[in-house]
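Dear colleague,

Please find below the structure that I am handing over to you, followed by an account of what was found in it. I would be grateful if you could read the text alongside the coordinates.

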Amino acid sequence: MSTGPAPVPAAPEPAGPTRPSGKGRRAGAWIGLLTALLGFAIAVQVKSTESRSALPTARQEDLVRILDDLSAREERLRREIADLQATRGQLTTGAAGADAALKETRRLTEQLGVLAGTVPATGPGVVITLTERGKQLSADTVLDAVEELRGAGAEAIQIGGQGGAVRVGTSTYFLDGDRGIVVDGTLLRGPYRIVAIGDAATLAAALAIPGGVVNTVEQASATAAIDQRRKVTISTLRPLQPPQYARPVS
Amino acid sequence: MTAPGRAPWPGARMLDDLLTNHLDPGYAAAARRRGQEGPPPPVRRVALRLAEVLAAATIGVVLAVAYGQAVARAPEAARTRAALVAEVDSRSARTDAMQRQAEALRQEVARDRGAALGDTVTGKAASTELLDLQALTGLARVEGPGVVVQVADGPAPTDPVTGDTTGEADLARVQDRDLQDIVNSLWASGAEAVSINGQRLAVTSAIRSAGGAVLVDFRPVSSPYTIEAIGHPDLLPSRFGTSSAARRFRGYVQQYGMTFSAQRAGSIVLPAAPAPDEGYARPAPSGGSSTATPRPAVPSPPGGGR
Amino acid sequence: MIAALALVVGIVLGLVLEPSVPPPLQPYLPIAVVAALDAVFGGIRARLDGIFDDKVFVVSFVSNVLIAALIVFLGDKLGVGGQLSTGVVVVLGIRIFGNAAAIRRHLFRA
């Protein structure tokens, strides 16, 4: 680069950094405070936008229903917390404590077993018979029925058909198969017989809602017969397979 | 400002004006004219004053009417709905707090129980059996490798003039069937524990829709949805990637603009679900293989009557 | 001063009488509001600058509202009503801010 005119000597630098005057320090404090507020406001707004629910688009009836469900959930949690607090008070160490703890653990295991499918279960409920006429029912429909039953409070569900019966657990899956439905690896063919234990009236109502399972089944030219019983027994079991990858965390 | 010696870009002058001259140039021109010609004759002045008063009053009316329109006259339904939404949000927050409290209590009880059972073989076996059952039914906090699936609603089609959403927004929205589909495929691919947006799926958890929101185990969750599953670190993601749900969703991505992604994760922690109520089911006495007491089933009336 | 009084009287009248806006005009109400605000701020600044003129105030208000409404109306017919409406609001908003800044300088010397 060609040299230009000699650089103008810079103004003499003040010796060392000057201390900010009182006014400058106050302004600096104000600036700091305001920018901190700004950062805080940005963070809060971003957080609130991310977590904003899609609820404003829901209809009023839907919102009321969501509120009902939330109340039910709240009740459930409240009861669970009370139970847990009671249990915590009862568990003590020592020989007598160990015995009592063992009994309580076994009772809890059996209770869970009803839900998990490791023990036979009995109680009031419904028996649903799905009879195909020509067109095959899809796995989606049966999955929908199971979800609807769960939502209505079914505690134990069993699905049977030609080919056997399967106890429905948490990880039960439904896939379309050869002229039938594969449930947890077992091929079942129609007519299907679903037994569910719970409040019979609620279960039956949940399936019969407009646009619900009964509708879908009938659209597939099949029939759905729902029978409320005061006592049903589910005896198919689901062997307990300890989880290999999901480790309980303490 | 234009660089010296360059022809000004036509828009530059307009932008300059927009950003610096905010006052109507009429005022300056009028002031200049007044300076040159003097004040206008009294009659004219009174007329102008009148016009000014009228204009100011009109502005006031316009502002008040707009306020009335926007705020005071907002339809009752919208305001009730806003109250309902607020109620749902606050109650969700409350149940979440209770959920955390229950979680802490569960950990404590599990520890106390482990301590109380002691070191005996039977005690340890009983404890392990219970923990395994809890993990499988979704009632224990678990950790492990697996896959994280994320789906989100597509953009709702909007009317270009008004910006409102048209009625077909439902198609682009992820519904309960879609989530059920994904979860079903995850179980089929070997998942051992699954959660949606932090809500663990227990044996009694249901995925249902209510309006635009999806309810998982009675708690509303909304887009974007994060579905986490614990299972074999390699087989689970690969089997899920080729499952029917994954294929279907890739189609939705093309058609409706939904988003879908599935990634393996080294460590996922899933909370426990709230315990279900002790309800109607009781353990049956073992040895009973009979099914439901026989009674003729009543077929549903033809025509789908309800 | 009289203009300010008239403004307040207008607001009170509008709140008390609660006139209902005919549906065809409803989409233009927000635009009219922004144009009105622009005229008000412009008037206040002109007053503080010492160059206020009644005629200009009236004309600026009326023309702002009419032109803004016309732009939005045309836009609706062309299918870009929403965007043009946004554009009008942005421009008027910039002017409002500029005038407000000038007013602030007059009042607070800041």
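In chain C of this predicted model, 39% of the 110 residues count as buried. Chain C contains four helices and zero strands, and its pattern along the sequence reads α-α-α-α. Taking the contacts in chain C between residues at least 6 apart in sequence, 72% join residues at least 24 apart.

Chain C meets chain B through 45 of its residues, which are in contact with 34 residues of chain B. The two chains bury about 3500 Å² between them, and carbon and sulfur atoms give 71% of that area. Two salt bridges were found across the interface of chain B and chain C. In a salt bridge between B:Arg49 and C:Asp54, the closest N and O atoms are 3.7 Å apart. The interface of chain B and chain C also has two residue pairs in polar contact, both residues being at pLDDT 80 or more. On the side of chain B that touches chain C, helix H2 (25-37) and helix H3 (42-72) of chain B each supply at least two residues. H3(B) gives the most to this side, with 20 residues. By class, the side of chain B that touches chain C comprises 22 nonpolar, five polar and seven charged residues.

I turn next to chain A and chain B. Here 105 residues of chain A are in contact with 104 residues of chain B. About 9400 Å² is buried between chain A and chain B, 61% of it on carbon and sulfur atoms. Of the area that chain A buries against chain B, 9% comes from A:Arg73, A:Arg76 and A:Tyr245, more than from any other three residues.

Eight salt bridges were found across the interface of chain A and chain B. A:Arg88 forms a salt bridge with B:Glu108, with 3.0 Å between the closest N and O atoms. Between chain A and chain B there are 28 residue pairs in polar contact, both residues being at pLDDT 80 or more. Helix H2 (residues 60-90) of chain A gives the most to the side of chain A that touches chain B, namely 23 residues. That side of chain A divides into 48 nonpolar, 29 polar and 28 charged residues.

Strands also take part in the pairing of these chains. Strand S1 (residues 121-131) of chain A runs antiparallel to strand S9 (residues 282-283) of chain B, and two bridges join them. Within this pair, A:Ala121 stands opposite B:Pro283 in S9(B).

One residue of chain A may be described in more detail. A:Val119 lies in the loop between helix H3 (95-116) and S1 of chain A. Is A:Val119 buried or exposed? A:Val119 counts as buried because its relative accessible area is 17%, and the cut-off for buried is under 20%. Leaving aside neighbours within four places in sequence, A:Val119 is in contact with A:Glu110, A:Gly113, A:Val114, A:Arg167 and A:Leu237, and with B:Pro283 of the partner chain. The C-alpha atom of A:Val119 is separated by 9.0 Å from that of A:Ile234, a residue 115 places away along the chain.

With kind regards

Note on methods: Residues numbered from 1 in each chain as written. Chains lettered and ligands numbered in written order. Predicted model: local features only at pLDDT ≥ 70, side-chain atom pairs only at ≥ 80, totals over all residues. Heavy atoms only, no water. Contact = heavy atoms within 4.5 Å. Buried area = accessible area lost by both parts, 1.4 Å probe. Salt bridge = Lys/Arg side-chain N within 4 Å of Asp/Glu carboxyl O. Polar contact = N/O pair within 3.5 Å; in protein donor to acceptor, adjacent residues only side chain to side chain. Nonpolar A, V, L, I, M, F, W, Y, C, P; charged D, E, K, R; others polar. Pairing = 2+ DSSP bridges. Buried < 20%, exposed > 50% of the residue type's maximum accessible area, 1.4 Å probe, protein only.
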